[in-house]
Amino acid sequence: MVNRAETAPIKISIIGKLNKQGFTLVELIVVIALIGVMLGLAAPTTRDALTVNTLKKASRQLIGLERSLRTEAMQNQVDYILHLDIPGSSYYVTETGMTPEKIDHLRKNAKKLPEGVTIADIVNEKNEKVKDGVVKVTFGKNSIGRPLVIHLREEEERMTLVFNPFLGVTAVQNRYVDISTTDGLGKDAAK
């Protein structure tokens, strides 16, 4: 005689037949359809997280560096100099009192902007548009810097960063904007 406690429970499928072996085709299709719907809803968010715009990444990198240097200059009471290498699309930071050997070492190990991002030009405190060479930006221990406008590009995209001498980065435009550092007013270069 068979004891009911020793036998496995019998599963009845949706279509009404006894099933002792596993899942029916209908059950598998429903589960796969639910997984597909969940992936479809999560895909845009995941795609945006995985495909970061390198131009925005470069701007965040420079904004973070500006904030960090401004704060550290005040805290450490040292003037920091940010060297922006336009043709190399790179940068390095020195401080006052460094030896020429140390500065040369930092220049050789300059940090690059993300792949494909270049510095189109930099508008300095004299309102000159610099398109080549190295531009030096001083972050003083008195928390006062120089006005500066950096234009970044990646293929057809452009971005403008405005550095205010007293407030830090005050504007980020997702296009090329021709801005005068003397009056702080911008006029759209596309017009």
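Mentor: Let us start with Glu 154, which lies in strand 9 (residues 148-154). Helices (H or I, at least four residues) and strands (E, at least two) are DSSP runs, numbered from the N terminus. The model is predicted: local features need pLDDT of at least 70, side-chain atom pairs count only at pLDDT 80 or more, and totals for chains, interfaces and linings use all residues. Residues are numbered from 1 along each chain as its sequence is written, and side-chain values use heavy atoms, with hydrogens and water left out.

Trainee: Is Glu 154 buried or exposed, and which side chain of opposite charge is nearest?

Mentor: Buried means under 20% relative accessible area, exposed over 50%, and partly exposed in between (1.4 Å probe, protein chains only). A salt bridge is a side-chain nitrogen of Lys or Arg within 4 Å of a carboxyl oxygen of Asp or Glu. For charge, Lys and Arg count as positive and Asp and Glu as negative, while His and the chain ends are not counted. Glu 154 is buried and has no salt bridge; Arg 158, the nearest side chain of opposite charge, is 8.9 Å away.

Trainee: Which side chain makes a polar contact with that of Glu 154?

Mentor: A polar contact is a pair of N or O atoms within 3.5 Å; within protein, one must be able to donate a hydrogen and the other to accept it, and residues adjacent in sequence count only if both atoms are side-chain atoms. Here the side chains of Glu 154 and Thr 54 are joined by such a contact of 2.3 Å. For contact in general, the criterion is heavy atoms within 4.5 Å. Not counting residues up to four places away in sequence, Glu 154 touches Asn 53, Thr 54, Leu 55, Glu 115, Gly 116 and Val 117.

Trainee: What can be said of Asp 121 in the matter of charge?

Mentor: Asp 121, in strand 6, is buried without a salt bridge, and the nearest side chain of opposite charge, Lys 129, is 4.6 Å away. Its side chain makes a polar contact of 2.5 Å with the side chain of His 151. Another polar contact, of 2.8 Å, joins the side chains of Asp 121 and Tyr 176. Leaving aside neighbours within four places in sequence, the residues in contact with Asp 121 include Val 130, Val 149 and Ile 150.

Trainee: Where does Ile 119 lie, and which residues does Ile 119 contact?

Mentor: Ile 119 is placed in strand 6 (residues 118-123). The residue counts as buried because its relative accessible area is 4%. Beyond its neighbours within four places in sequence, Ile 119 is in contact with residues including Leu 84, Ile 86, Leu 113, Ile 150 and Leu 152.

Trainee: How many salt bridges does a search of the whole structure find?

Mentor: Side chains of opposite charge can pair when their charged atoms come close. The search finds four salt bridges. One of them joins Arg 70 and Glu 66 at 2.8 Å, N to O. Both residues lie in helix 2 (residues 54-76), four residues apart, about one turn of the helix. Arg 70 counts as buried at 13% relative accessibility, and Glu 66 is buried at 1%.

Trainee: What is found in helix 3?

Mentor: Lys 108 and Asp 104 both lie in helix 3 (residues 100-108), four residues apart. They form a salt bridge, with the closest N and O atoms 3.3 Å apart. Asp 104, Arg 107 and Lys 108 are linked in a network of salt bridges. Lys 108 is exposed at 59% relative accessible area, whereas Asp 104 is partly exposed at 27%.

Trainee: Which salt bridge links distant parts of the chain?

Mentor: Asp 178 forms a salt bridge with Lys 129, the closest N and O atoms being 3.5 Å apart. This pair links Asp 178 in strand 12 (residues 177-179) to Lys 129 in strand 7 (residues 129-130), 49 residues apart.

Trainee: How many helices and strands does the protein chain have?

Mentor: The protein chain has three helices and 13 strands. Of its 191 residues, 32% are buried.
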